[in-house]
Amino acid sequence: MKGMDYDEKTPPTTCNGISAELQVRLRKHNFDFARSKEVIKQAEKLRDERKQRVEQEKKEETPVESQPEDAENVAPTPLIGSAIDDSPSGRDAPRKPVIDFREKLVLSPLTTVGNLPFRRICKEFGADITCGEMACAVPLLKGLGQEWALTKRHESEDIFGVQVCGNNPNVITQAAQVLQETARVDYIDLNIGCPIDLIYQQGGGSALMRRTNILELTVRSCAALSDKMPFTVKMRTGVYADKSVAHELLPLVEEWGASAVTLHGRSREQRYTKSANWNYIEQCAAQAKHMPVIGNGDILSYEDYVERRTLAPHVSSVMIGRGALIKPWLFQEIKQQKFWAPTSTQRFEMLRRYCNYGLEHWGSDTKGVESTRRFLLEWQSFLYRYIPEELQLSPPQKINSRPQKYRGRDEMETLMSSSNAADWVKLSEMLLGPVPQGFSFVPKHKANAF
């Protein structure tokens with residue numbers, strides 16, 4: 001039944017997803033991937049030329065021992081002829097980037113919890129750039145609606161990207177082409193930092209950090225697809241905690257054509273334990289010539305933000321992930337340069353807005369209500385970790401510090417601080433009504449662990 005204020009002419013507030021026509025084209029292999037095949041060929045040629053050049057330079061290097069003793073005293077050959085200005089101009093001059101990734105607050109792509117209703121909340125609190133949940137390239141090319149749903153975008157997301165993952169340059173490039181030609185996205189991001197075992201064992205995610213030949217082909221080809229849509233890369237420090245490789249990869253990724261790189265200051269092995277290494281992030285960012293480097297890891301307060309930016313002056317912007325899940329108003333704190341301690345009433349109102357956005361996004365039928373409930377509970381598995389500043393012994397709160405049990409200033413604040421999933425379900429029932437018979441909930445996202 002349609003409400004009294006329903007207007008059929010009102011334009012939709014979301015876009016993307018997959019149309020029936022596109023789904024048929026993909027499933028019947030009728031989509032034209034000539035562009036992808038061409039850029040892959042060019043990337044292979046450039047990669048082979050680079051390899052030959054590196055090998056040639058190694059051969060031509062003169063050993064120090066064989067240099068003549070008076071080599072330092074040889075006078076330089078005088079230059080003859082007219083002076084030439086080698087500075088780039090005309091079509092070779094540096095162009096203004098399509099998206100300026102500098103001095104921005106970027107919301108991290110978050111599997112499961114980084115859904116469209118959550119991103120709307122973060123936009124209201126001041127996030128500058130948002131990115132959809134990680135989408136796998138193969139299901140996108142198969143036209144699976146569930147995977148394409150991850151590309152949906154709300155009208156409030158003025159700068160929005162889609163993150164893809166895969167293990168094959170041809171498949172990733174084809175997925176990038178389809179997204180560029182059929183979806184409303186501002187940039188495409190490649191995930192080479194995902195620590196999930198299944199993705200890693202198949203050669204995707206953080207496994208690409210040790211498969212440089214595959215990575216080079218992927219970045220070169222995707223970056224060459226269009227000069228109007230930036231192609232970015234998100235990586236970790238490396239696969240192993242004691243062997244960081246990002247400082248070697250980052251300059252190469254810039255050379256291959258990436259518009260920006262996000263560096264999470266942990267290895268795959270560390271996942272979300274230990275502290276993010278911002279000194280290493282700074283070391284890597286200092287090696288970039290022109291490409292913006294976005295730092296990521298362990299920011300939960302305005303003080304954390306200032307401390308990390310001071311530690312890493314070469315970092316162009318900051319990406320916030322778990323900090324935004326625990327404190328979505330963190331973006332507002334950073335922009336206003338002061339703490340904000342919302343009351344339990346204000347936090348409950350935020351949850352109410354999230355549920356309204358969820359019902360709008362997933363539907364208000366039984367299935368939509370339960371989808372909204374599940375995602376609300378996943379988010380609450382992070383939200384409960386917030387401790388109001390007035391109740392902290394030594395503020396600001398640190399992201400990897402396990403909060404002790406405390407009694408809030410009212411019953412709602414105490415309920416919101418509970419680590420018991422049964423109390424989270426009670427919260428959901430206040431907003432979405434009673435749970436179905438036999439309902440149970442266990443958080444599935446590993447990042448909510450300390």
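## Close-up views

**A. Arg236 over Tyr272.** Arg236 puts its charged end over the ring of Tyr272, 5.3 Å from the ring's centre. For a charge to count as sitting over a ring here, NZ of Lys or CZ of Arg has to be within 6 Å of the ring centre and within 35 degrees of the ring normal. Arg120 turns up in a pairing of this kind too, over the face of Tyr357 and 3.7 Å from the ring centre. What you're looking at is a predicted model, so local features need pLDDT of at least 70 and side-chain atom pairs count only at pLDDT 80 or more, while totals for chains, interfaces and linings use all residues. Residues are numbered from 1 along each chain as its sequence is written, and side-chain values use heavy atoms, with hydrogens and water left out.

Thr237 sits in the loop that runs between strand 8 (231-236) and helix 9 (246-256); helices (H or I, at least four residues) and strands (E, at least two) are DSSP runs, numbered from the N terminus. This threonine is buried, at 4% relative accessible area. As for the wording, buried is under 20% relative accessible area, exposed is over 50% and partly exposed is in between (1.4 Å probe, protein chains only). Leaving aside residues up to four places away in sequence, the residues that Thr237 touches include Met209, Leu263, His264, Arg266 and Tyr280, a contact being heavy atoms within 4.5 Å.

**C. Arg309 reaches Glu103.** A salt bridge joins Arg309 to Glu103, with 3.1 Å between the closest N and O atoms. Arg309 belongs to helix 11 (residues 302-311) and Glu103 to the loop between helix 2 (34-60) and strand 2 (105-107), so this pair ties together parts 206 residues apart in sequence. Arg309 is buried, with 17% relative accessible area, whereas Glu103 is exposed at 56%. The term salt bridge covers a side-chain nitrogen of Lys or Arg within 4 Å of a carboxyl oxygen of Asp or Glu, and the structure has 28 of these salt bridges.

**D. Asp304 and Lys398.** Asp304 makes a salt bridge with Lys398, their closest N and O atoms lying 2.9 Å apart. Asp304 is in helix 11 and Lys398 in the loop between helix 15 (366-383) and helix 16 (411-416), so the pair ties together parts 94 residues apart in sequence. Asp304 is buried, at 1% relative accessible area, while Lys398 is partly exposed at 36%.

E. Arg409 and Glu390 meet through their side chains in a salt bridge, 3.6 Å from N to O. Both Arg409 and Glu390 are in the loop between helix 15 and helix 16, 19 residues apart. Arg409 is partly exposed at 46% relative accessibility, and Glu390 is exposed at 52%.

Searching the whole structure for disulfides (cysteine sulfur pairs within 2.5 Å) turns up 0. Cys194 is in no disulfide, and the nearest cysteine sulfur, on Cys165, is 6.3 Å off. Cys194 is buried, with a relative accessible area of 6%. Cys131 is buried as well, at 2%.

**G. Phe118 against Trp379.** Rings of Phe, Tyr and Trp (its six-membered ring) pair if their centres lie within 6.5 Å, and planes under 30 degrees apart count as stacked, over 60 as edge-to-face and the rest as tilted. That rule gives 10 aromatic pairs. Phe118 and Trp379 make an edge-to-face pair, 5.3 Å from centre to centre with 75 degrees between the planes. Phe118 is in helix 3 (residues 116-124) and Trp379 in helix 15, so the pair ties together parts 261 residues apart in sequence. Phe118 is buried at 0% relative accessible area, and Trp379 is buried at 1%.

H. Distant parts of the chain are linked here: Phe125 is in the loop between helix 3 and strand 3 (130-131), and Trp340, 215 residues away, is in the loop between helix 13 (330-336) and helix 14 (344-362). Phe125 is buried at 10% relative accessible area, but Trp340 is partly exposed at 26%. Through ring pairs, Phe125, Trp329, Trp340 and Tyr386 link up into a cluster.
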